[in-house]
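Hi,

Here is the structure I promised to pass on. Have a look at it first, and my notes follow below.

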Amino acid sequence: MLDIVTYGNEILGKKAESVVEINDAIRTMAAEMFEAMAGKGIGLAGPQVASPLRIFVTNVEGDKPRVFINPEIVLTSQELISIEEGCLSLPRLYLDVIRPESVRVQAWNEKGRPFTVETDGLLARVILHEYDHLEGVLFIDRLKAGKRDRAISQYQKLIKT
Ligand code: NI
């Protein structure tokens, strides 16, 4: 079982690298990422399992499980929306984050086929959150400076209890 790395691990702040070849190793990794988040989360990105690769998986209710390899966000709506987020790398911390309401993303799946998803609601939110992980950005980084500082103190208290 893959371990999920948590806040403080430097890989979470690094930009991930493109996947060069979609092969069995990548397929195995994707399967292990679904396993690692099963029952705990609805999205997980490469850096969260200590991989430097641009891959994330989603498993959102009402949608099929998806693997996004080398994703590109091609469009986001101007309309913004505040939704409560959590992150397996910041366990037990849940905060409202403002992001675009809808998104269009292109990526390759684990079979090496390109696909496009245009969506809003929870799936859009998960895609934007997971894409940020590939850029070395955490959801707390999307908060205003003061709120981010408070979120970090709150998290540090949470992990002590
Ligand atoms: Ni996350």
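In which loop is Glu79 found? It sits between strand 3 (66-76) and strand 4 (80-85). Please keep in mind that this is a predicted model.

Glu79 is partly exposed, as its relative accessible area is 49%. Leaving aside residues up to four places away in sequence, Glu79 touches Arg99, Pro100 and Glu101. Ala36 is another matter: 43 residues separate Glu79 and Ala36 along the chain, and their C-alpha atoms are 33 Å apart.

Now for the chain as a whole. It has 3 helices and 7 strands, and from the N terminus the order of elements is α-β-β-β-β-β-β-β-α-α. The radius of gyration is 15 Å, close to the 15 Å that the globule rule gives for 161 residues, so the chain is as compact as a globular protein of that length. Along the principal axes, the C-alpha atoms fill a box of roughly 40 × 35 × 30 Å.

Among contacts with a separation of 6 or more, 64% are between residues 24 or more positions apart.

Best wishes

Terms used
Residues are numbered from 1 along each chain as its sequence is written. This is a predicted model: local features need pLDDT of at least 70, side-chain atom pairs count only at pLDDT 80 or more; totals for chains, interfaces and linings use all residues. Side-chain values use heavy atoms; hydrogens and water are left out. Helices (H or I, at least four residues) and strands (E, at least two) are DSSP runs, numbered from the N terminus. The radius of gyration is taken over C-alpha atoms; the globule rule is 2.2 Å times the number of residues to the power 0.38. Contact means heavy atoms within 4.5 Å. Buried means under 20% relative accessible area, exposed over 50%, partly exposed in between (1.4 Å probe, protein chains only).
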